[in-house]
Amino acid sequence: MRKFDVVIVGGGLAGLECGVILSKKGMDVCVLEQSGRTGGFFQPFFRNGKKIDTSIHYVGSLDEGMFLNTVFRHLDIWKDLDLVRLNEEGFDKVHISGKTYSFAMGHKNFSQSLSAEFPNMSKEIELYTKRLKETGANSLKSTLKGGGISADALEMLSLSAFEEIERTIPDRRLQQLLTGHSIIYSGERSMTPFYLHAITTNSYLEGAYRFRGGADTVTDALTKRIRESGGVVMTKVRCTSIISDNKIVKGVRLENGEVIEGKYVISTCHPSQTLSMVGTDSQLRKVYRNRINSLRNSPGLFCLYLIMKPGAFPYLNENDYIFGERSHPDTSPAPLKNGILVSFQPPVTDSKFAEVVTLVREMDWSEVEKWSDTVVEMRGEEYREFKERISNEMISLADSCLPGLKAAILNSSSASPLTFRDYLGTPDGSAYGLMKSFSNPLSSIIPPKTRVQNLYLAGQSLNFHGVMGVTVTSLLTCSAILGANVLSQEGGVSLKNIIEV
């Protein structure tokens with residue numbers, strides 16, 4: 001029977017970040033991953049000799065001195081990354097009703113470029129930009145402090161994203177534009193808090209980048225750091241239960257019956273999956289289980305991966321959000337629906353031409369639920385026709401704003417929420433874990449520490465999602481284990497300067 005200081009269930013970004021942080025503090029770490037390799041949403045696949053990122057299209061807050069830049073340097077993975085900074089004057093472009101609007105990087109550039117497009121809204125845009133920066137920084141600061149949610153923080157968490165934008169920005173088209181990228185945080189009018197919109201948007205203003213060579217360079221580097229510190233990373237192992245005795249965690253049991261002991265256990269699985277692995281004789285109350293299991297999952301994504309003909313279409317160092325006429329942009333409130341994200345992978349050869357382009361659309365579980373009892377490659381002709389129809393619609397929409405893209409496609413493959421469910425184990429193929437709600441923030445924000453002694457949670461379902469959110473929760477979880485002040489201690493991450501407004 002193997003014993004470790006910390007057993008981490010899940011080898012995605014959250015589990016690996018926790019593994020590096022704790023192993024750097026001298027703890028004996030074991031990471032368990034059910035897939036054949038670590039990475040989770042960072043895992044790639046290969047087609048026609050091309051490595052294709054499944055889910056990670058671009059990441060923010062990577063300019064010098066910004067949050068993720070600082071954390072990645074502390075984790076000692078910065079040197080392993082080949083980063084491509086997106087166009088400063090237009091890292092995001094939003095296409096609505098035949099007109100294109102650009103988001104510039106940097107708060108001043110962002111405000112000035114939008115004001116040039118909406119001169120009668122310049123004061124409101126300046127106020128909105130200031131609120132993004134303040135709310136993004138204060139939300140991060142409040143989250144990283146831990147120790148519960150203050151009254152001021154609760155008020156901030158209770159603000160509706162879209163109502164706050166409409167209160168600040170009276171122009172309908174500008175409202176739609178500012179939420180045109182809501183697919184990357186699953187923005188929904190009835191639920192999304194302003195802090196989630198602000199943290200996400202603000203992070204891209206602080207440096208939006210892509211990973212040349214694949215997003216898995218991040219998780220591969222983290223895996224390497226854990227092993228270099230003497231930790232163990234195991235793949236193709238499935239945890240079936242978390243063992244506790246007298247309300248204290250003792251370790252985990254694997255599918256093959258093996259027990260791995262640990263003083264601490266961190267589960268980075270979806271919270272409902274974690275609860276299913278914890279026995280009913282633990283300290284977790286029924287009311288807590290019911291609350292977690294009643295929370296709504298975020299929608300999934302339909303991703304269409306395009307392999308491009310060599311030299312046929314230029315590489316665009318930007319992200320394009322495209323909305324068709326079905327979005328009713330002239331009358332619809334924000335956020336617009338029926339849009340797609342078009343994202344280009346940096347060419348490995350550093351050429352000027354696109355090699356892989358990904359089209360992304362939000363897809364609710366209800367759209368694929370009829371095939372929920374099927375498995376990969378055995379879903380039937382109706383499902384194939386469904387995917388083909390969706391793919392053709394997305395290509396046509398992309399080609400309407402990026403002429404020539406359709407003709408430059410060599411071949412393609414696609415992934416629906418069913419694909420992500422079956423390969424990554426996400427409930428209902430959810431892309432971002434549990435939804436956060438401004439109307440009831442205390443129920444949708446989950447603390448990393450559980451009532452089972454030494455059992456902790458991590459991952460994007462806890463506070464907010466995406467690479468930024470996962471990294472924040474990893475720091476919170478490790479801080480809860482190592483001590484509240486660990487992040488500012490010598491050898492830790494100094495966050496004081498990067499979260500000041």
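The structure is a predicted model: local features need pLDDT of at least 70, side-chain atom pairs count only at pLDDT 80 or more, and totals for chains, interfaces and linings use all residues. Residues are numbered from 1 along each chain as its sequence is written, and side-chain values use heavy atoms, with hydrogens and water left out.

The protein chain has 15 helices and 18 strands. Both are DSSP runs numbered from the N terminus, helices being H or I of at least four residues and strands E of at least two. The radius of gyration is 22 Å, close to the 23 Å from the globule rule for 501 residues, so the chain is as compact as a globular protein of that length. The radius is taken over C-alpha atoms, and the rule is 2.2 Å times the number of residues to the power 0.38. Along the principal axes, the C-alpha atoms fill a box of roughly 65 × 50 × 45 Å.

Of the 501 residues, 60% count as buried. Buried means under 20% relative accessible area, exposed over 50%, and partly exposed in between (1.4 Å probe, protein chains only). The chain exposes about 20400 Å², of which carbon and sulfur atoms supply 49%. These areas come from the Shrake-Rupley method with a 1.4 Å probe; for residues, only the protein chains shown count as cover. Among contacts between residues at least 6 apart in sequence, 72% join residues at least 24 apart. A contact means heavy atoms within 4.5 Å.

The chain carries 56 positive and 55 negative side chains, and the centres of the two sets lie 4 Å apart. Lys and Arg count as positive and Asp and Glu as negative; His and the chain ends are not counted. Each charge is placed at NZ of Lys, CZ of Arg, CG of Asp or CD of Glu.

Strands β3 (residues 44–47) and β4 (residues 50–53) run antiparallel and are joined by 4 bridges. Strands count as paired if DSSP finds at least two bridges between them. R47 stands opposite K50 in β4. The hairpin has 2 residues between its strands. N48, in the loop between β3 and β4, has a positive phi of about 50 degrees although it is not a glycine. Most residues other than glycine have a negative phi. N48 counts as exposed, at 51% relative accessibility.

E377 also has a positive phi, near 70 degrees. This residue sits in the loop between β16 (356–363) and α12 (381–401). Its relative accessibility is 74%, so E377 counts as exposed.

Q34 lies in the loop between β2 (29–33) and β3. At 41% relative accessibility, Q34 is partly exposed. Leaving aside neighbours within four places in sequence, Q34 is in contact with K236, V237, R238, L424 and G425. Q34 and M394 are 360 residues apart in sequence and 33 Å apart in space, C-alpha to C-alpha.

Strand β15 (residues 339–344) is mostly covered, with 6 of its 6 residues buried. G339, L341 and S343 point one way, while I340, V342 and F344 point the other way. In a regular strand the side chains alternate between the two faces of the sheet. β15 runs antiparallel to β14 (residues 319–323), with 5 bridges joining them. F323 stands opposite G339 in this pair. β15 also pairs with β16 in the antiparallel sense, over 4 bridges. There, S343 stands opposite T358.
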